[in-house]
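Here are my notes for a colleague opening this entry for the first time. Please read them with the model on screen.

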Amino acid sequence: MRYFLLLSVAICLFNCKQPESEKLEEGMWRATIEAQDSEVLPFNFEVVNDSTLTVFNAEEEIKVDEISFKNDSVIIKLPVFEGYLKAKLTAGKSLNGFFIIDELKRAVPFKAEYGVSHRFETSKKAEVNVDGIWETTFSPDSPDDKYKAKGIFKQDGDRVTGTFRTTTGDYRFLEGSVEGNTMKLSAFDGAHAFLFTADVNDSTMTGTFYSGNHFKESFKAKRNGMFELADADSLTFLKPGYDALAFTFSDASGNMVSLSDAQFKNKVVVVQLMGTWCPNCLDESKYFVEYLKANNSDDIAFIGLAFEYAKTKEKAFENIQRLKSRLGITYPILLAQYGSTNKKSAQEKLPMLNHVLSYPTAIYIDKKGKVRKIHTGFNGPATGDLYDDYKSDFKSFIDKLLNE
């Protein structure tokens, strides 16, 4: 109901006045998205010209080239993901509107101001240094929901960058600052809007994680340079009695595709459980595209199984095609599920797995059709050396399977 109310406000906001079309002022902007508890999630972007801007999250630069203007409003659609920004533009230097994800019925208030380059507003210098590794527990007071994470941060003066790794992936490129003994970090990529706030002393932090204005959870962390998460290759496995994966799902043309098809016979196969809405899946897909470009072989095949929240099959395939087109994905992506990304339902479609714990999950199959390894989650470029190690391990393992 809140979504439809906000959408009605948005329609009025964007259509009630009809002056001549304006353009975004070129240069740096500071945007904010509403979170809970009166918090706002900031991020920065630079307008390059009428049709291009760049969103910044630490070392990440997201090139945006789908910008449209109508009268006094602008629609900014970020690459790959469904989410978009729709706002009233005033004098080319301010935006007032919403971050919208239609399929999830979310419309979150959004504002932006031209000529502001800082991310978080601070009034005093940092009194603590968060540089290093932090053993973190999210939802620590909820036995059914709590999970472990590894905070990895770098601090330079008041500025902080880094991420939280979990057993199912990472929270991607986080950027923020420390003011006094308070740390704030944020990230925005068009799929998720993340904000982390924490009170910090030398050895502990206590904070809250916000996802847009629809979700929040607490976390606690302590310094621990030796902390490691569970091995990502040990979390998902075949149930006793199984040594192979089997499925049949449809491609965009309506063809039913199975692992038993001729195109996968006598090949090393990587099966990717993913979704077009998932940032970690995006990172993994980018790497798979990179790998295939550098390692062209007729003896290896990739195949994606998409689990989509889109309400219709047509919309789900539209999202899949957009992802493939934007990233240059040449391997098939089948529609395994639409209308929900529920992991229990996903596991029912792949009953030989003990569970589907994470999107993405990569399943490695040898030339004889046996599952040799299952890698849960994906820690991408934001994890630095860990990402480099992953790429090295991936290539080594694939080479081993190819040479068998």
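1. Lining of the largest cavity. Asn-57, Glu-60, Tyr-171, Arg-172, Phe-173, Ala-187, Phe-188, Asp-189, His-192 and Phe-194 line the largest cavity. A cavity here is a set of points, on a 1 Å grid over the protein atoms alone, where a 1.4 Å probe fits but cannot get out; lining residues have an atom within 4 Å of a point. The lining comprises five nonpolar, two polar and three charged residues. In this scheme Ala, Val, Leu, Ile, Met, Phe, Trp, Tyr, Cys and Pro are nonpolar, Asp, Glu, Lys and Arg are charged, and the others, Gly among them, are polar. The space inside is about 50 Å³. Volume means the space filled by probe spheres set on the grid points, which are joined across faces, edges and corners.

2. Basis of the numbers. The model is predicted: local features need pLDDT of at least 70, side-chain atom pairs count only at pLDDT 80 or more, and totals for chains, interfaces and linings use all residues. Residues are numbered from 1 along each chain as its sequence is written, and side-chain values use heavy atoms, with hydrogens and water left out.

3. Thr-276 sits in the loop between strand S21 (268-274) and helix H2 (279-294). Helices (H or I, at least four residues) and strands (E, at least two) are DSSP runs, numbered from the N terminus. Thr-276 is buried, at 6% relative accessible area. Buried means under 20%, exposed over 50%, and partly exposed in between, using a 1.4 Å probe and protein chains only. The side chains of Thr-276 and Glu-308 make a polar contact of 2.5 Å. A polar contact is a pair of N or O atoms within 3.5 Å; within protein, one must be able to donate a hydrogen and the other to accept it, and residues adjacent in sequence count only if both atoms are side-chain atoms. Setting aside residues up to four places away in sequence, Thr-276 touches Val-80, Phe-81, Glu-308, Asn-319, Ile-320 and Leu-323. Contact means heavy atoms within 4.5 Å.

4. Gln-337. This residue is in strand S23 (residues 333-337). Gln-337 is buried or exposed? Its relative accessibility is 6%, so Gln-337 counts as buried. A polar atom of its side chain lies 2.7 Å from the backbone oxygen of Ser-340. The backbone nitrogen of Ala-346 is 3.4 Å from a polar atom of the Gln-337 side chain. Beyond its neighbours within four places in sequence, Gln-337 is in contact with residues including Phe-307, Glu-308 and Lys-349.

5. The largest pocket. A pocket is an open set of points with protein on both sides within 12 Å along at least five of seven lines. The largest one holds about 1200 Å³ of space. Of its 41 lining residues, Tyr-171, His-192, Phe-194, Trp-277 and Lys-343 are the closest to its centre. By class, the lining has 19 nonpolar, 14 polar and eight charged residues. Elements that each supply at least two lining residues include strand S8 (94-101), strand S16 (193-200) and H2.

6. Domains. The assignment, which is automatic or from a database, gives domain 1 (27-114), domain 2 (132-223) and domain 3 (248-403). The centres of domain 1 and domain 2, taken over C-alpha atoms, are 23 Å apart. Contacts join 26 residues of domain 1 to 23 residues of domain 2.

7. Val-47 and Leu-24. Val-47 lies in strand S2 (residues 40-49). Val-47 is buried, at 2% relative accessible area. Leu-24 is in the loop between helix H1 (2-15) and strand S1 (27-34). Leu-24 is also buried, at 5%. Val-47 touches Leu-24, and Trp-29 and Leu-53 are among its other contacts. Leu-24 in turn touches residues including Phe-69, Ile-76 and Leu-95.
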